[in-house]
Amino acid sequence: MAVSESQYESGREPASEDEESVEARVGWRYTVARIKRDTTARWGLYIVTVVLFVAVYAVVDSNLSRLTFGVASDYTFAQLLPIFDHPTHIPPPGEGTQHMPPYFPLAEQSWNPLPAGGTIEHPLGTDHTGRDYFTRIVYGTQVSVFVGLVSTFIGLTGGTIIGAVAGYYGGRVDDILMRLVETVYAIPPLILIIVFTVFVGGANIWYAVLGVGIAFIPVFARIIRSRVLSIREMDYIEAARAAGVKDRNIIMRHVVPNSFAPVLVYATLQIGVTILIVAGLSFLGYGAQPPTPDWGQMLNISHGYMHSNVWLSIWPGIAIMITIMGFNLFGDGLQDALDPRIED
Amino acid sequence: MKLLKYTIHRLLQAIPVLIGISVITFLLANLGPGDPVSLMLQGQEHSEELIRTIERRYGLDRPLHERYVTYMAGLLRGDLGQSIHYQRPVAALMMERVGPTLLLVLSAYAFALVTAIPLGIVAANRRNEPSDHASRIAALVGVSTPSFWIGIVLILVFAVQLGWLPSSGLYYPWRPPSAYPGIDGHLELYYESARHLLLPMIALGTLQMATIMRVERTQMIESLQGEYVKLARAYGVPERKILRKHAFQVAQLPIITIVGLNLSTALGGAVLVETVFNINGMGRLFINAISTNDYQLVMGITMLLGFLFVLGVIITDISYAYVDPRVTYGERE
């Protein structure tokens with residue numbers, strides 16, 4: 001990337017800081033400062049932070065099993081987020097919400113409407129078994145975030161190893177590895193993941209996580225490989241080789257760290273893609289199994305109650321959308337922040 | 001001539017990938033704990049002897065590599081084996097179902113291209129103005145929303161609430177109108193099939209639209225800063241013409257690549273959208289096959305979808321080479 005220094009300097013606001021050289025535009029402190037200033041990245045960071053907080057809170061909460069398995073009368077929204085007062089009377093499912101007008105007045109409401117929500121006990125109503133929908137949405141964050149992070153990590157690790165080895169050694173090793181990567185890449189991820197999950201493991205969230213991770217190894221392997229190809233020719237690699245450093249150490253110490261910035265951005269964006277895929281997987285019934293609350297799975301169930309409470313099909317989708325949007329915004333912002341060619 | 005050579009070269013390059021797909025699919029389908037024989041006999045009284053007989057009939061008693069060779073030999077003859085669940089040839093089953101899926105995927109792409117390209121151009125041309133921000137937000141929402149949920153929302157609004165459009169099924173325009181009761185004439189059939197296709201098309205196409213729009217915007221911005229645009233401006237070429245002719249043409253090249261690579265997302269998304277809209281395409285066939293442990297059918301579908309993706313990438317590569325004179329044939333980047 002031969003960009004002359006004058007291009008960096010052009011159009012700089014002289015008032016901002018001291019004279020900045022190109023070096024001052026990379027590195028952690030600069031990146032963090034850029035993220036703070038960039039509206040996109042900041043909003044992404046806010047959303048991701050809230051989502052992560054909600055997910056972690058759901059782990060820390062000691063009532064986890066009761067909340068996940070229980071029905072509405074077992075717990076309240078207030079117990080989940082203690083900033084709200086505990087209501088003393090907890091109505092049985094349905095009671096106290098019947099007077100609520102449906103938000104979507106259906107033309108012919110032949111079935112009993114499920115509680116539409118809007119009360120402090122059930123802000124988003126209850127599902128078909130009377131479990132509080134808000135709590136389930138909150139707990140759904142856990143599965144999505146967990147799956148998103150872990151399977152992206154699997155893809156990233158696998159992809160880094162394969163890409164680095166293929167790019168560094170080149171020749172036949174590269175050919176074989178890249179053909180393998182292309183092959184995995186050619187099978188649509190959702191299809192590959194379902195076949196892997198069902199035939200290798202049986203519908204189970206752990207196999208789903210592993211399957212998603214494996215399915216996304218190719219994308220990371222390709223990026224790392226192309227970075228490694230350009231880094232391999234650098235003088236400092238030559239120097240390390242001349243000094244007798246082992247190949248494995250050159251890859252781990254020099255090649256991988258130097259190719260990491262674009263991969264980091266990609267990984268952030270990939271978390272969003274992963275959550276999207278897992279939502280689809282769960283919607284089809286091959287992700288998290290009930291009673292573990294999961295957004296995709298909730299949409300699958302609510303599909304059958306479309307006529308009695310439309311909102312049950314809306315909330316999980318919004319949750320998925322906001323979460324993915326957070327990671328996408330953050331990834332976009334990170335990309336700008338890590339790219340020294342982009343001016344503030 | 002060069003182009004023909006390049007085409008042949010690309011097709012030859014695809015062979016190891018196609019073989020790889022068959023190996024991976026075969027291993028996944030055959031190494032799993034799911035046992036097709038016990039599935040077939042579910043709920044029936046059976047003896048060991050019966051299991052052996054069935055295993056022999058489907059060739060399940062032979063070692064894995066032998067079965068793979070037999071399978072591949074069949075594949076080359078167009079025989080993908082027998083579906084255990086449907087008791088019919090896999091190839092015939094897939095032939096029936098591939099039409100709706102292709103119709104859905106292609107129309108989703110058409111929708112995506114028709115909407116994304118103008119939006120991307122407008123956004124690039126009015127950079128940092130409200131219309132740019134609006135289309136960027138729309139693109140962000142588009143890449144962040146699951147296709148099946150878009151489908152659900154569309155059904156809720158346009159089918160359940162407003163009752164304007166049907167919520168499930170598909171009318172196939174290539175069938176004779178007499179195949180559908182109550183439909184007379186081709187025109188009515190086309191109208192019905194368009195009505196049924198509209199919602200699933202949008203559901204599947206939104207992600208593609210958002211992706212293409214983002215690329216289009218970036219490319220147009222880059223293209224508008226190109227030397228040739230500056231030159232055209234210096235010559236006094238009207239801004240509209242610069243946009244339409246000079247900047248536009250160059251910016252379209254990466255779109256071709258995106259369309260090809262996104263085919264795998266689209267084919268996967270078709271599984272979900274077909275499920276939501278009850279469309280009897282490959283996607284639902286796949287889900288049925290998975291849930292009945294019909295490994296022969298699963299193998300067939302996975303392989304076909306993989307092949308379709310490879311074919312799509314080759315077609316886009318070739319059309320890229322055809323459109324862009326700068327592509328050096330037969331060399332890797």
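Tutor: Two residues are in contact if their C-beta atoms, placed from the backbone, lie within 7 Å. Keep in mind that this is a predicted model.

Student: What does A:Ile193 touch, leaving out residues up to four places away in sequence?

Tutor: Its partners are A:Ala208, A:Gly211, A:Val212, A:Ala215, A:Ile277 and A:Leu281. A:Ile193 is also, with A:Val195 and B:Ile301, among the residues with the most contacts inside the largest nonpolar core, which has 161 residues.

Student: Why are H5(B) and H6(B) called oblique?

Tutor: Helix H5 (residues 90-125) and helix H6 (residues 130-144) of chain B pack at about 135 degrees, with axes 8 Å apart. Roughly perpendicular ends at 115 degrees and roughly antiparallel starts over 145, so H5(B) and H6(B) are oblique to each other.

Student: Which residues meet there, H5(B) against H6(B)?

Tutor: B:Leu119, B:Val122 and B:Ala123 in H5(B) meet B:Ser131, B:Asp132, B:Ser135 and B:Arg136 in H6(B). By class, this contact has three nonpolar, two polar and two charged residues.

Student: How many residues does each chain give to the contact between chains A and B?

Tutor: Chain A gives 37 residues and chain B 38. H8(A) supplies the largest share of chain A's side, nine residues.

Conventions. Residues numbered from 1 in each chain as written. Chains lettered and ligands numbered in written order. Predicted model: local features only at pLDDT ≥ 70, side-chain atom pairs only at ≥ 80, totals over all residues. Helix = DSSP H or I, 4+ residues; strand = E, 2+ residues; numbered from the N terminus. Core = buried A, V, L, I, M, F, W, Y, C linked by C-beta atoms within 7 Å. Buried ≥ 20, exposed ≤ 12 C-beta atoms within 10 Å, placed from the backbone. Axes fitted to C-alpha atoms, helices over the stretch in contact; angles between N-to-C directions. Parallel < 35°, antiparallel > 145°, perpendicular 65-115°, else oblique. Nonpolar A, V, L, I, M, F, W, Y, C, P; charged D, E, K, R; others polar.
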